[in-house]
Every structure is written in C-alpha cells, then in structure tokens.
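The following note goes through a structure in numbered points, for a reader who is new to such descriptions. Please keep the sequence and the model at hand while reading.

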Amino acid sequence: MSSATHAHDDANGQAHHKFHQHHFLTMAQQASSAKFGMWLFLGQEVLFFSGLFMAYFVFRALYPDTWLHSAEHLNKTMGGINTVVLLYSSLTMALAVRSAQLSDKKGLVINLIQTIVCAFIFLVVKYFEYSAKFEHGLLPGAAYHGHEFIPGRPELFFTVYFTMTGLHGIHVVAGIGVLFWILKRAIRGDFDSTYYIPVENVGLYWHLVDLVWIFLFPLLYLVR
Amino acid sequence: MANHAHESHHEPHVLPLPVYYGVFGALLVLTGLTYAVSFAGLPPSLSFGVAMLVACCKATLVGGVFMHLIWDEKLNIIVLAVSVLAMLLFFSVTMMDELSRGLILPEEGTLYRQHELSTLNEIANPPAAEHGGGHESGKAEHKAVAGAAEGSGSAHAAVAAPAAGSGEGSAAAHAAGSGSGQH
C-alpha cells in the first residue's frame, strides 16, 4: 500500500512509514515493543483472574457437595454453545490477523465483523442464563433465595459464579469496544503487511478472553 | 545495505489456512470430549482431573497457534510462563494450607475449622437474628483469625466464640468432615 509509505527517507536512509513513531528505530522494533507490552498486560490478567480461581478452589474444597449440586443448576448446553461461539470467534480473530499480514483488507473486515457478532451472541446467551438464575433466586451472597435444596452453602457457589462470569463478561464487552475500534481503522485502510500490530494485540487480548472461558466452562458447568 | 537484510527478516510470519482450521477442529473435539465426560458419571475427582487436562490442552493450542507463541519472540513466552508459574505457586501454597489444616493437631484443627466455617457463614449470612454466646474467648489466635478473615476489628468476638454448641456449629463440623473426606 503506497499511501502508508511516504516517498522521502529519514536520517537512517529508511522509507518513513505513516505509523512509524519517531522514538522507535524501525517498524519491527515498534511492533515487538508493542507486543511485549501487550504480553505484560496479559500476564497481569492471568494473575488477576488467578485470585478468582483461587477463591473458587478454596470454597470448592470447603464445600464439595455444594459444588456438585449447585453446578447441576447451570445450563450445560448453553455453556457449551457459548464455548463453541468463543472458540469460533478466536478462529476468526486469528484469521483477521492473517488477513492483515497478507494486506487483505476485505478478509480483515469480514473476519473482524464475524468476531464482533460472536461476541454479541455470547452476551445474549449469557443474558438468558443470568435471567434464569435471577428467576430461581440463585443469586450471590445474601441475595440468594433458591427454592430447591442445595446442601452446604450454595450462595457461595453463586457468588463465585457471578463474580467470575461477570468479570469475564466485562472483558467481552471491553473486547467488543476495541474490536470496533480496529474495525473502523481497518475500513479506513490503516493496516497492511507493514503495519498490523494493533490488530495483533487486540487479537491477543481476545484470545485471552477465550482462554479464561476455556477454564471457566468446565470448572463452573461440568463439576460432575 | 544492512537495513535491507533487517527488513526482510521481519516479513510477517504467515501460517497456512489449514493450520487454523485444524486447530479449531481440535478445539471443538476437545470441547465435545469434556462435555461428554461430564455425563459419564465418573467420580468427581477423576472427572475434575480429565476436565482440567483437556482445558490445558485447549489452552496450549490457543496460546501456541492462535496467539502465535510457537513462532514468537521467546521473551513473550517467558512473560506468560512467569505469570503462570506465579499462579501455580499461589494455588499450591494456598491449597497446602487449606487442605492440611485438619491434619495437624486434629482436635485444634476441628475447633479451628468450626470457627472458620462459622466465620464464612457470617460473611454469607450477616448476623441478623442470633448473636449467640457471650464474649468468651481466651484464645487470642481465634480473635486474630476472625479479624484477618473479615478485615474489621469489632463484633468478631461474638464470631470467635466457638459455635460448637449451636446447630450451625454442628452443620459446620459436618461440612468440614466431608471436606477433608474428599481429599
């Protein structure tokens, strides 16, 4: 894409790229720095979620029976559908990055739109799941007023359930936001094989959201 | 020119399409596997092990191929590995403590666990009706634990009073029994 590359050369004799920030030596250095920063953020995300997983494991060790019975009140099929939706969105996200690598603008836009649609489907399924829990009084902490008997402390299970899936859902919403930003820039024609690091970094974030769900799904829905 | 060699070295690393579709297919198969295993009626601990093993395989596929870690700079893998190791350390040390409490000094362990569970009950059900028991607590460590568990100072003397007598206390003891029984 010639519009991204100006004709004049900079002091190092390199063609100056439109998105080349002056404090980086080369586009490659700029990209690898940005990616390293993204990975530091993802490492932080892993640690952030590990606190919630720890709470899950401690309460599960304390109330194994509660966990066995409470998980039966979650809809395995809806959870399974959401898993497939997120896995497919991860595929389209990876393909979006590939399209950007090949300077294929049309493929990039189509794959980004598919990813965004999947994110919305995920949230819609989650909405139906949440409303079913609200209806049956399966709520966190003091708000819990389930009618069916669950041994032990079901309110703790549902506290963990709503906190973990809720924070994961917030990550999905944030993902939709950054995906729209990338989509706008892709339509504008910002990305090609010489510059696609924003697509790649948003992709890394989106895959992490998928990774968290890969562990949440069996832990919350498939206890038995 | 040196720059030329440098630039050509950083051509995007493009994977062939079948790799992506293959990984997606494998992820679907593994998802189907955990879903099926959850209906197989395995004992919970075995079922849990299978589910975690499959989840780890799926995470490796997503991280390695979709996140491109296999072909990425090693520095990025190190960042991820360090945070995963920190997480495992966090899990293992906490669970060692959690699971061994009833094993050391069984009597005190039982008492401790009863107290701990009643504290958790207090968190789950804020004391609305009953504030059973007086301020009998000669055991300083119980108070300290109650303070640490809930973060604030007062009102926990009542919590710290061993709940053994009340019905709640015996329920807690039962839960503790089943808890240690699984492990």
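1. Lys35(A), Glu200(A) and Asp72(B) are joined to one another in a network of salt bridges. The model under discussion is a predicted one. Side chains of opposite charge can pair when their charged atoms come close. Between Asp72(B) and Lys35(A), the closest N and O atoms are 3.0 Å apart. Over all chains, the structure holds 6 salt bridges.

2. How many residues of each chain are in contact across the boundary of chain A and chain B? Chain A contributes 59 residues, which are in contact with 62 residues of chain B. Together the two chains bury about 5,300 Å² between them, and 73% of this area lies on carbon and sulfur atoms. Across the interface of chain A and chain B, the rule finds 1 salt bridge. The polar contacts between chain A and chain B, with both residues at pLDDT 80 or more, amount to 6 residue pairs. On the side of chain A that touches chain B, at least two residues each are supplied by α1 (27–62), α2 (64–71), α3 (76–101) and α6 (197–221) of chain A. The largest share of that side comes from α1(A), with 20 residues.

3. Helix α2(A) deserves a separate remark. Because 6 of its 8 residues are buried, α2(A) is largely enclosed by the rest of the structure. The buried residues of α2(A) are Pro64(A), Thr66(A), Trp67(A), Leu68(A), Ser70(A) and Ala71(A).

4. In helix α3 of chain A, one may look at Thr92(A). Thr92(A) has a relative accessible area of 1% and is therefore buried, the cut-off for this word being under 20%. Which residues is Thr92(A) in contact with, if its neighbours within four places in sequence are left aside? They are Asn111(A), Gln114(A) and Thr115(A).

5. Helix α4 of chain A covers residues 105–135 and includes Ile113(A). With a relative accessible area of 39%, Ile113(A) is partly exposed. Together with Val117(A) and Ile121(A), Ile113(A) makes a nonpolar surface patch of about 230 Å².

6. Lys126(A) is buried, at a relative accessible area of 5%, and Glu129(A) counts as buried at 1% relative accessibility.

7. A further salt bridge in chain A is formed by Arg153(A) and Glu155(A), whose closest N and O atoms are 3.0 Å apart. Arg153(A) counts as buried at 16% relative accessibility. Glu155(A) counts as buried at 4% relative accessibility.

8. Ser103(A) has a phi near 55 degrees, a positive value in a residue other than glycine. Ser103(A) is found in the loop between α3 and α4 of chain A, and counts as partly exposed at 39% relative accessibility. In chain B, His68(B) is not a glycine and yet has a positive phi of about 65 degrees. His68(B) is located in the loop between α3 (44–66) and α4 (74–100) of chain B. At 11% relative accessibility, His68(B) counts as buried.

9. The last point concerns chain B as a whole. How many helices and strands does chain B have? Chain B has 8 helices and 0 strands. Of the 183 residues of chain B, 32% count as buried. The accessible surface of chain B is about 10,300 Å², and carbon and sulfur atoms account for 70% of this surface. If one takes the contacts in chain B between residues at least 6 apart in sequence, 69% of them join residues at least 24 apart.

Note on methods
Residues are numbered from 1 along each chain as its sequence is written. Chains are lettered from A and ligands numbered from 1 in the order in which they are written. Side-chain values use heavy atoms; hydrogens and water are left out. Patches are made of residues with over 30% relative accessible area and no salt bridge: like charges are joined within 9 Å, nonpolar side chains (Val, Leu, Ile, Met, Phe, Trp, Tyr) within 5 Å. Accessible areas come from the Shrake-Rupley method with a 1.4 Å probe; for residues, only the protein chains shown count as cover. A salt bridge is a side-chain nitrogen of Lys or Arg within 4 Å of a carboxyl oxygen of Asp or Glu. Helices (H or I, at least four residues) and strands (E, at least two) are DSSP runs, numbered from the N terminus. Buried means under 20% relative accessible area, exposed over 50%, partly exposed in between (1.4 Å probe, protein chains only). Contact means heavy atoms within 4.5 Å. Buried area is the accessible area (1.4 Å probe) that two parts lose on being put together, summed over both. A polar contact is a pair of N or O atoms within 3.5 Å; within protein, one must be able to donate a hydrogen and the other to accept it, and residues adjacent in sequence count only if both atoms are side-chain atoms.
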